[in-house]
Amino acid sequence: MPVMPLDISAQVKKLLPWIVAIAFFMQSLDATILNIALPSMAADLKVNPLQMQSAIIAYMLTVALVIPVCGWISDRFGTKKVFFFAVALFTLGSIFCAVAWSLPVLVTGRVVQGLGGALMMPVGRLVILKVYPRSEFVKVMSFVTIPGLLGPLLGPTVGGWLVEYFSWHWIFLINVPMGILGCFVACKFMPDLRGAIRTKFDFIGFMLFGTAMVMISFALEGLSELHLPATFVTLLFVLGFSCFLGYWWHAFKFEFPLFPPSLFKIRSFSIGIMGNLFARLGNGSLPFLIPLLLQLALGYSPAEAGMMMIPTALCAILTKSLVRYIINFFGYRWVLTVNTLLLGLLICSFSWVDKEMPFLLLLVMLGATGAINSLQFTAMNTVALFQLDDDLASSGNALLAVVVQLSISFGVAISAILLAYFNGGQPAVSSIEVLPAFQGTFLGVGLFTVFSAFIFYFLPTQIGMTHKK
């Protein structure tokens, strides 16, 4: 079925990328500010800094749980109402986090934020997917993420400054004015798109898929922070994977499943999903690991660590403007295969970081991380959706968003497991003691990313390539 762009007014079509960019900016700012503030928050909440991953995983897992219903909710209630509600809920969750007095309360606030975040970006990306023809999709998504990348540029700097000179509570309160602006813009300009037909919600499929995600995430948490017995963790893994198998058995029988099995008949989608799942375990862990490395292992203050993340964001923004041309020239297959391999080697190189490393070399490594990640994120996000028609766009977009959140959540959890393992399960007392743990963790995560590069080699050769060689 050919993809036809919707008849949207020129003004709305012009403003739509900016509306979605506001949502992306809020989420990226929140994530980067939080990562810089983790050590200070841990000290205030009286927990080990290496165990603060629950504040990140709670958000990611909530997003992954809610995203499967995102397409159905958007089709039923309309993208305008859902997007407005998502921004408002994310803002309320930020206020809840700001008043947290313990780690469990903070985690609860992050869950509320996650409920809003689960709808913001998927709905925004779905609208762009339906409004713009596929020939413009990579171009528009690249534009959307450029304003959104101001979050990583401002987040570490502003977050470090707020934490050092005020308190970590302000990293959440800063979302409030942006949330109000986002609600106003969504009300005025967001198109109100709905599904052509009303479908029955796949409640059984949702329960099976959601239970699987919760079981596996809880098992990973049990290995790192909760210190659950090995037999119980193994049981959680077995139950989780059994629920996944149960979901796919159910999906072949149900008329309107959450994620139709027919999605995986499209080669670029199935390989794109697998690549997103495994490759993001590496680059998804970097926003968690690098700020902790700078502060706990190398002794930088929050403000100094935040300033050092500026090269990462600047190089990401500069690279983003080139992504479309690079993909058009080389195609998705070689861009993702080579870039994922480079990313894995770069992550491995952080295992050499110590206090004697030249400051300039460390900045170059951080800048290279931003550039390679920028190309990686855009290419991985678009390759999975590139060949979907409108009938599969909603469910395909939702599944991609679930996989993105799950892989980042799993990446953070696995990083925390490796940190705990290499640190002997002990709290970080000094930079001398914790540095080897970070070095071992970066090496392990990097090697896994190197091996995940071979997934993209099986993409169709010409997909995304417009340059005639």
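**Close-up 1. Ring pairs join seven named residues into a cluster: Phe-209, Phe-244, Tyr-247, Trp-248, Phe-259, Phe-264 and Phe-269.** Keep in mind that this is a predicted model. Let's stay with Phe-259 for a moment. Leaving out neighbours within four places in sequence, Phe-259 is in contact with Phe-209, Tyr-247 and Trp-248, among others. The list of contacts also includes Pro-68, Ala-251, Ser-395, Ala-398, Leu-399 and Val-402.

**Close-up 2. Here we look into the largest nonpolar core, which has 126 residues.** Phe-259 turns up again here, among the residues with the most contacts inside this core. Met-41, Leu-106, Phe-172, Phe-350, Phe-438 and Phe-442 are listed along with Phe-259. There is also a second, separate core of 13 residues, and Ala-279, Leu-375, Ala-379 and Phe-456 are included in that one. As a bit of background, nonpolar side chains tend to be buried together in soluble globular proteins.

**Close-up 3. Trp-168 and Phe-172 make an edge-to-face aromatic pair.** A search of the whole structure turns up 15 aromatic pairs. In the pair shown here, the rings sit 6.3 Å centre to centre, with 85 degrees between the planes. Are Trp-168 and Phe-172 buried or exposed? Both are buried.

**Close-up 4. Phe-350 and Phe-442 form a stacked pair.** Why is this pair called stacked? The ring centres are 5.2 Å apart and the planes are at 25 degrees, so the pair falls under the 30 degrees that stacking calls for. The pair links distant parts of the chain, since the two residues are 92 residues apart. Phe-350 is in the loop between helix 16 and helix 17, while Phe-442 belongs to helix 19 (residues 431-452). Phe-350 and Phe-442 are both buried.

**Close-up 5. Arg-333 lies over the face of Tyr-457.** Arg-333 is 4.1 Å from the ring centre of Tyr-457. The side chain of Arg-333 also reaches the backbone oxygen of Tyr-457, at 2.8 Å. Where is Arg-333 found? Look in helix 16 (residues 323-349). With a relative accessible area of 12%, Arg-333 is under the 20% cut-off, so this residue counts as buried. Setting aside neighbours within four places in sequence, Arg-333 is in contact with Phe-456, Tyr-457, Leu-459, Pro-460 and Thr-461.

Methods: Residues are numbered from 1 along each chain as its sequence is written. This is a predicted model: local features need pLDDT of at least 70, side-chain atom pairs count only at pLDDT 80 or more; totals for chains, interfaces and linings use all residues. Side-chain values use heavy atoms; hydrogens and water are left out. Helices (H or I, at least four residues) and strands (E, at least two) are DSSP runs, numbered from the N terminus. Buried means under 20% relative accessible area, exposed over 50%, partly exposed in between (1.4 Å probe, protein chains only). A polar contact is a pair of N or O atoms within 3.5 Å; within protein, one must be able to donate a hydrogen and the other to accept it, and residues adjacent in sequence count only if both atoms are side-chain atoms. Contact means heavy atoms within 4.5 Å. A nonpolar core is a set of buried Ala, Val, Leu, Ile, Met, Phe, Trp, Tyr and Cys residues joined through side-chain atoms within 4.5 Å. Rings of Phe, Tyr and Trp (its six-membered ring) pair if their centres lie within 6.5 Å; planes under 30 degrees apart count as stacked, over 60 as edge-to-face and the rest as tilted. A charge sits over a ring if NZ of Lys or CZ of Arg is within 6 Å of the ring centre and within 35 degrees of the ring normal.
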